[in-house]
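Biologist: Can you bring up the model? I want to go through how the chains meet.

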2 protein chains.
Amino acid sequence: MRKVSLFIAISLDGYIAKPNDDLSFLKLVEKEGEDYGYKEFTANIDTIILGRKTYDYVIKEIGTSHYDNGQRDVYVITRNGRPNTGKTIFYTGSLPDLIEKLKSEKGKNIYCDGGAEVINELLRHDLIDEFIISIIPILLGQGTRLFKDGRPEQMLEFVDAKSFETGLTQLFYRRKR
Amino acid sequence: MRKVSLFIAISLDGYIAKPNDDLSFLKLVEKEGEDYGYKEFTANIDTIILGRKTYDYVIKEIGTSHYDNGQRDVYVITRNGRPNTGKTIFYTGSLPDLIEKLKSEKGKNIYCDGGAEVINELLRHDLIDEFIISIIPILLGQGTRLFKDGRPEQMLEFVDAKSFETGLTQLFYRRKR
């Protein structure tokens, strides 16, 4: 069955961004030729789910082709519909319904690229199957947390941990069901 | 110079306890003969700092000898003084002053055993030199966070990461100064 995967970087103290969506701490581990397995990871996905704020941010910073390369479906979770463009669908329905629909269809895996709101909505409904979390060697002290309070307990199965020269450590878990 | 070290376990979502100080999730990684380097770690410390609530909890659960083995100084940080007992000192002064005093003296390293209040007070004043954090493969969903909001940014140097058969991964960082 298709899996829903998280592939995301956090500070050691659990933030995905500093206040005002500041992602500059990610530069600490940027290294030419090192993508921390991102390309290999995305080779196994054909569907991306992400929040509208994250979408608008990335579109502005990088451009539309970062998500929609013409070969995968992009679901932008939003409260306010927009006309679909290319393979990008602006989805205003329920997230559990969307996951159920996608999982009933054939395909590669489903990648949730954030932001925190969509991730926590998936976690609250126990819909994430795989966690690939890269820990950046910094304490940010404040910002947007990956994990918000008020979710159900979920047991995980440890799969792997890899450390890189830059000081990044990548942790890989599966949801134990 | 003497270092201040943290040696602590958290869930993947960053909690050191579930609500009501429930530490039962630690049982997930209990294994006979495996102490995750605790004995080796404590061989290099001669001073323990901890909060009063943690102290009372451990004294009740395990007994006084868990901290005071007659060979090391135990500082219990509290708002309400108590008579000192053995090598256990109930300290009502400022935490930065205590660290400054201890660091001006000769000795082995200083171990902060928690709880979250004392750790965050140390972090707010940038007084932790070493972080040894064991990640337990579970999402607790709620509870006491290791890292509270509202601390200064602190760069870390990655030292090591070790994974164990039980699924525990131990991350080791030094404060980059």
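Modeller: Here it is, and note that this is a predicted model. Between chain A and chain B the count is six salt bridges.

Biologist: Which side chain of chain B meets Asp13(A) in a salt bridge?

Modeller: That of Arg151(B), with 2.9 Å from N to O.

Biologist: Which elements of chain A give two or more residues to the side that touches chain B?

Modeller: Strands E7 (130–136), E8 (138–139), E10 (154–163) and E11 (169–175) of chain A. E10(A) gives the most, with six residues.

Biologist: What kinds of residues are on that side of chain A?

Modeller: They divide into 19 nonpolar, seven polar and seven charged.

Biologist: Back to E10(A). Which strand of chain B do two bridges join it to?

Modeller: Strand E8 of chain B, residues 138–139. E10(A) and E8(B) run antiparallel.

Biologist: What stands opposite Met155(A) there?

Modeller: Ile138(B), which is in E8(B).

Biologist: Now the totals. How many residues of each chain are in contact?

Modeller: On chain A there are 33, and they are in contact with 33 residues of chain B.

Biologist: What area do the two chains bury between them?

Modeller: About 3,000 Å², and 59% of that is on carbon and sulfur atoms.

Definitions and conventions:
Residues numbered from 1 in each chain as written. Chains lettered and ligands numbered in written order. Predicted model: local features only at pLDDT ≥ 70, side-chain atom pairs only at ≥ 80, totals over all residues. Heavy atoms only, no water. Contact = heavy atoms within 4.5 Å. Buried area = accessible area lost by both parts, 1.4 Å probe. Salt bridge = Lys/Arg side-chain N within 4 Å of Asp/Glu carboxyl O. Helix = DSSP H or I, 4+ residues; strand = E, 2+ residues; numbered from the N terminus. Nonpolar A, V, L, I, M, F, W, Y, C, P; charged D, E, K, R; others polar. Pairing = 2+ DSSP bridges.
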